[in-house]
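Have the structure open while you read.

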Amino acid sequence: MERRLNLEDVGRRAGVSRSTVSRVVNGGHVSSETKRRVEAVIAETGYRPHAAARSLASNSTGVIGLVIPSAAGTLFDDPYFGRLILGTSSATNEVGMTLALFLFGDGPDESSIISRVVTPGLVDGVIVTATTRGDPLIDHMQGANMPFVVVGRPDSAGSTFCVDVDNRAGARTAARHLAALGRSRPALIAAPSNTSAGIDRRNGFLEGLAEAGLSVEDRIEEGDWSQESGRTAMARLLAGQPDAVFVSSDRMAVGALRAVSEAGLNCPRDISVVSFDGIVPPDLTTPRLTSVVQPVTEVGERAVRLLTSVIGGAAAPEHVVFQTRLAVRESCGGAAPAETGA
């Protein structure tokens, strides 16, 4: 088998040293004439630098980490993460880097993963998603001087690069829509109150109701993002005879629709349902689910591009916020000639 060319071979043919070839390959400073000669030899021979050697020379791994605090089983059950990974992997490919996925649950597993992620030389930067309030991972990133971007609204949003959606405004739109339909006894299945998305969706919905002169009173339950938690929460809420419910995630809404059916009630005749996420295919539920749609894939793509700017030395924190839109379908009971913007 033919021997693979190395830096010395290229340097010999171009009449320069090995270190000069290395500077050309890794973007270092050389004269234009020297660069031209080396690049001509590279083009003629088809030389390709060894990835590991290039990383050492440039002090770069070419790898971006995506940290998801979720057990693998939960991850692949949740279409949100599938879309987020699709967006991040697509953008990572476009910028010529590699995506590494880090998953962890709680306790010792979390501590182990955190220490590995912040180890110098493993990744060039990290995208952190689905964190809880006060998550120690953010402090570890800052303490290790690791370039990172948060998907969501972190506690320290003012000093952190992050990409988020306007959860509050989207939930407020859901409340206004239900009020416009004439529903007067709304209920809420909230997302976990230890997450920024859960807090913002809860507050946005309550604000929207207040603007319409409505409230949930004691018709509120909290789920954990899962279908089963949505089903359990809806079953408890039905005792209060709500005529509408805002469910803070599509997955929980699937469970809520099941509870309505199990109780012998009809959606939307007896109770209107509006959800948040827009990640469950409309035809998966009966009736088709009205939902506040967030652009998850685009969020992942933007997070990668923002991280590359952080890796490149961007200093001023940037907070990117995507808008949502309301996709009106049969579950709310309103006319749905088309999907409408929020």
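**Strands, sheet and helices**

In E10, Val 293 has Asp 277 standing opposite. Keep in mind that this is a predicted model. That pair belongs with strand E9 (residues 272–277) and strand E10 (residues 290–293), which run in the parallel sense and pair over four bridges.

**The sheet**
- Zooming out, there's an open sheet of six strands, with mixed pairing and the order E7-E6-E8-E9-E10-E12.
- Strand E7 (220–222) and strand E12 (325–327) are the edge strands, each pairing on one side only.
- Going from one strand to the next, the twist averages 20 degrees.

**Helices on the sheet**
- Helix H10 (residues 196–211) packs on the sheet and touches strand E6 (186–190), E7, strand E8 (244–247) and E9.
- The direction of H10 makes about 170 degrees with that of E6.
- Helix H11 (residues 227–237) packs on the sheet too, touching E6, E7 and E8.
- For H11, the angle with the direction of E6 is about 150 degrees.

**The H2 and H3 pair**
- Helix H2 (residues 18–25) and helix H3 (residues 32–45) have axes that come within 10 Å and cross at roughly 85 degrees.
- Because angles of 65 to 115 degrees count as roughly perpendicular, H2 is roughly perpendicular to H3.
- On the H2 side, the contact uses Thr 20, Val 21, Val 24 and Val 25; on the H3 side, they meet Thr 34, Lys 35, Val 38, Glu 39 and Ile 42.
- By type, the residues of this H2 and H3 contact split into five nonpolar, two polar and two charged.

Definitions and conventions:
Residues are numbered from 1 along each chain as its sequence is written. This is a predicted model: local features need pLDDT of at least 70, side-chain atom pairs count only at pLDDT 80 or more; totals for chains, interfaces and linings use all residues. Side-chain values use heavy atoms; hydrogens and water are left out. Two strands pair if DSSP finds at least two bridges between them. Helices (H or I, at least four residues) and strands (E, at least two) are DSSP runs, numbered from the N terminus. Axes are lines fitted to C-alpha atoms, for helices over the stretch in contact, and angles run from 0 to 180 degrees between N-to-C directions. Contact means heavy atoms within 4.5 Å. Angles under 35 degrees count as roughly parallel, over 145 as roughly antiparallel, 65 to 115 as roughly perpendicular and the rest as oblique. Ala, Val, Leu, Ile, Met, Phe, Trp, Tyr, Cys and Pro count as nonpolar, Asp, Glu, Lys and Arg as charged, and the others, Gly among them, as polar.
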